[in-house]
Amino acid sequence: MTPEQLKASILQYAIQGKLVEQRPEESTSEELFAKIQEEKQKLIAEKKIKKEKPLPKITEDEKPFDIPDSWKWVRVGQCFANKTGLSYKKDALDIQSDKMVRVLRGGNISNLNYVLKPDDILISAEFVKSELYLQRNTIITPAVTSLEHIGKMGRIDSNYSDMVVGGFVLMLIPHYPEDTLSKYLLYAMSSRYFRDCCRNIVNKSGQAFYNLSREKLMQLCVPLPPLGEQKRIVAKIEELLPLVERYAVSYEKLEQFSAKFPEDMRKSILQYAIQGKLVEQRAEEGTGEELYQQIQAEKQRLIQEKKIKKEKPLAEITEDDIPFDIPESWKWVRVGEIFAHNTGKAMNSTAKKVDKPGSVKRFITTSNLYWNFFDFSSVKEMFFSDDELERCTVTKGDLLMCEGGAYYGRTAIWNYDYDICFQNHVHRLRPYKAVELRFFYHLFYFLKSMNMMNAKGTAMPGLSSQTLHQMVVPLPPLSEQKRIVAKIEELLPLCERLR
């Protein structure tokens, strides 16, 4: 249960008479209701409020839930007069005087409270009528605002001679200004039930704003307990709400932990995997050195057959290049020693025909390439000459990686039975000799997540071909690569289930 749901449950229990017990000695709410109506008539006689048409009797259909027999359903207009706040012309804000008045707007009203802000509007007192100053026990609510803020209520806790609300805020002024009654009605009208009622009586005003109907608001129903029970309800709510706030802090920490924990667990699994700690080493499976020599032999064969070009020898790996310890049976290698790799063709969608023979082909961009999958919802086409196809075609068993931008290093294995081309912001890695590609996929995922790929640039980081070519990675024996992948793919689904 979220903190908001818990708070809503407390307020709902309160207005249904389930938060505290009923006590016969506290009588019924009819006595309190009579006092409220007596005070209302005094205010009318003193011409402090206007006499209005009698509100209709509350029908059984209007009562949304049962309340105790000692309680009474009343309409808002039977407990409050209403008044909109200060309207002013913009140029009035330019006038300074010895007495400036703060103007609260809808943004100052939060759930159950109001807050003063550094950017509050101040207006000279000459533009403010005395009856607009906020008085203790008045309840304020946005009258014109976005739908999410409709129904927010705040109770004024002091008498002010220097603070009003603006014209888009409604004041509910109690006929019987008693602290307990005002506090109880604040909680009752902040309940999910009442807030939903407010949202049901709004009128759309433009694209983003809604008007809260004053007339309909006065006709909404609230349950009224005896005053003695109200005191106990208010006391219980004020005892519980700080506990809810403490719960909210813990809940937020738990949410952050719950969101972070599966990814941290995944990183830990992958870290164990690439450091040789996830599965045991087996002597009969050989060594990374033996696999490396087999790869180099295959690479030399491809050079002799002129299928690939001979390259300059890569720099020897030093102790400073090694980021962590690995088992003795493994070997540190550079990516360019075990993979042939290059980027594809620069995008040029307008070049449909050139002098060289070729054809229009579908091709992969960085927008198609995600971690371990491809999105084919939008696949582009452009012309590839015949002599570009060998360099720019992806075949089953190739590994593709994003070259630049926020998603540099993002990697997926092409496991489809058909070929496709790729653009210049994508690296194609093709192993010289069979390796377990999924081991390297998980390796690259870990290196990217730990910011260990040495991408260049700040605003738009990039992983150049040279950087990728020289990247140092661990090489376990092939059989151990397969066992590592099997264990990773056994454990990672458990991480996902933790989300």
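Guide: A salt bridge here is a side-chain nitrogen of Lys or Arg within 4 Å of a carboxyl oxygen of Asp or Glu. The model is predicted, so local features need pLDDT of at least 70 and side-chain atom pairs count only at pLDDT 80 or more, while totals for chains, interfaces and linings use all residues. Residues are numbered from 1 along each chain as its sequence is written, and side-chain values use heavy atoms, with hydrogens and water left out.

By that criterion, the structure holds 31 salt bridges. One of them joins the side chains of Glu239 and Lys236, at 3.4 Å from N to O. Both residues belong to helix α6, where 3 residues, about one turn of the helix, separate them; helices are DSSP runs of H or I with at least four residues, strands are runs of E with at least two, and both are numbered from the N terminus. Glu239 is partly exposed at a relative accessible area of 44%, and Lys236 is partly exposed at 27% (buried means under 20%, exposed over 50%, and partly exposed in between, with a 1.4 Å probe and protein chains only).

Glu238 in α6 (residues 227-274) and Lys183 in helix α3 (residues 179-189) are 55 residues apart, and their side chains meet in a salt bridge of 3.8 Å, N to O. Glu238 counts as partly exposed at 37% relative accessibility, and Lys183 is likewise partly exposed, at 25%. Elsewhere, Glu21, Arg23, Glu26 and Arg232 are linked in a network of salt bridges.

The side chains of Glu305 and Lys307 form a salt bridge at 3.3 Å, N to O. Glu305 is partly exposed, with a relative accessible area of 38%, whereas Lys307 counts as exposed at 56%. Lys307 is also one of the residues nearest the centre of the second largest pocket, together with Ile308, Lys309, Ala340 and Arg428. On a 1 Å grid over the protein atoms alone, a pocket is an open set of points where a 1.4 Å probe fits, with protein on both sides within 12 Å along at least five of seven lines, and lining residues have an atom within 4 Å of a point.

The lining of this second largest pocket consists of 17 residues. Strand β16, helix α9 (386-392) and strand β25 each supply at least two residues of that lining. Strand β16 (residues 339-343) is mostly covered, with 4 of its 5 residues buried. Its partner is strand β25 (residues 426-431), and the two pair in the antiparallel sense over 5 bridges, where pairing requires that DSSP find at least two bridges between the strands.

Contributors of at least two lining residues each include strands β2 and β11. These two strands belong to an open sheet of 4 strands in the order β2-β11-β7-β9, with antiparallel pairing; β2 (80-84) and β9 (154-155) are its edge strands, each pairing on one side only. Inside the sheet, β7 (residues 139-142) and β11 (residues 169-174) pair over 4 bridges, and Ile140 stands opposite Met171 in β11.
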